[in-house]
Amino acid sequence: MIDADIKVYLFIALAGWIATDLWRWLGVIAGNRLKEDSEALYWVRAVATALVMAVTAKLIVFPTGTLAASPLWVRLVAAGGGFAAFLAFGQKVAVGVVTSIVLLTGLLLATGSA
């Protein structure tokens, strides 16, 4: 017999899977019917980009956890440096992410905020 606690976790996992997977499959079905240069797809890309940038800005301006102890200027310099590296090296996301992490780590160690 399955323990009551495990049943709760299984229910949460199943409900979460159904809730997210349903929308993913609907997106795949709808996306297959869109032309790559359609206005609808441009709009979807713009909304997705805006959401990612909103989350990024929130993490920079209103951080939580360990990042909250770092000064705002350190987070801004790390993000700006990562963006500059992203642009300078052919818009490679990995370059921007690694540069931001290296800058953030270096600045935190240099300022004694780590």
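Predicted model: local features only at pLDDT ≥ 70, side-chain atom pairs only at ≥ 80, totals over all residues.
**Ile 60**

I started with the contacts of Ile 60. Setting aside neighbours within four places in sequence, I find Ile 60 in contact with Leu 72, Arg 75, Leu 76 and Ala 79 (contact means heavy atoms within 4.5 Å). Ile 60 belongs to helix H2; helices here are DSSP runs of H or I with at least four residues, strands are E runs of at least two, and both are numbered from the N terminus. With 17% relative accessibility, Ile 60 goes down as buried (buried is under 20% relative accessible area, exposed is over 50%, partly exposed is in between, with a 1.4 Å probe and protein chains only). From Ile 60 to Leu 72 I get 7.4 Å, C-alpha to C-alpha, for 12 residues of sequence separation.

Residues are numbered from 1 along each chain as its sequence is written, and side-chain values use heavy atoms, with hydrogens and water left out.

**H2 against H3**

Next I looked up the helix pair around Ile 60. H2 and H3 pack at about 145°, and their axes are 9 Å apart (axes are lines fitted to C-alpha atoms, for helices over the stretch in contact, and angles run from 0 to 180 degrees between N-to-C directions). On the H2 side I list Leu 59, Ile 60 and Val 61; on the H3 side, Leu 72, Arg 75, Leu 76 and Ala 79. Sorted by class, the H2 contact with H3 has 6 nonpolar residues, no polar ones and 1 charged. The classes: Ala, Val, Leu, Ile, Met, Phe, Trp, Tyr, Cys and Pro are nonpolar, Asp, Glu, Lys and Arg are charged, and the others, Gly among them, are polar.

**H3 against H4**

Then the next pair. H3 (residues 72–88) packs on H4 (residues 93–111) at an angle of about 150°, with 7 Å between the axes. That makes the two helices roughly antiparallel (over 145 degrees; under 35 is roughly parallel, 65 to 115 roughly perpendicular, the rest oblique). I noted the crossing of H3 and H4 as right-handed, that is, the near helix is turned clockwise from the far one by less than a right angle, anticlockwise being left-handed. From H3 the contact takes in Trp 73, Val 74, Val 77, Ala 78, Ala 79, Gly 81, Gly 82, Ala 85 and Phe 86. From H4 the contributors include Val 93, Val 95, Gly 96, Leu 103, Leu 104 and Leu 107. The class count for H3 with H4 is 13 nonpolar, 6 polar and no charged residues.

**Loop residues**

I checked the loop between H2 and H3 for two residues. Pro 71 sits in that loop and is partly exposed at 24% relative accessibility. Its C-alpha is 8.7 Å from that of Leu 108, although 37 residues of sequence separate Pro 71 and Leu 108. Thr 66 is in the loop between H2 (39–61) and H3 too, and at 74% relative accessibility Thr 66 is exposed. I get 9.9 Å between the C-alpha atoms of Thr 66 and Ser 113, which are 47 residues apart along the chain.

In the loop between H3 and H4 I looked at Gln 91. Gln 91 has a positive phi of about 55°, and is not a glycine. Gln 91 is exposed, at 54% relative accessible area.

**Leu 41**

Back to H2, for Leu 41. Leu 41 is buried at 18% relative accessibility. Not counting residues up to four places away in sequence, I have Leu 41 touching Leu 34, Lys 35 and Glu 36. Asp 3 is 38 residues from Leu 41 in sequence and 46 Å away, C-alpha to C-alpha.

**Salt bridge**

Asp 21 and Arg 24 make the bridge, at 3.7 Å from N to O. The two are 3 residues apart in helix H1 (residues 4–32), so about one helical turn separates Asp 21 from Arg 24. Asp 21 is buried, with a relative accessible area of 15%, whereas Arg 24 is exposed, with 55%.

How values were computed:
Salt bridge = Lys/Arg side-chain N within 4 Å of Asp/Glu carboxyl O.
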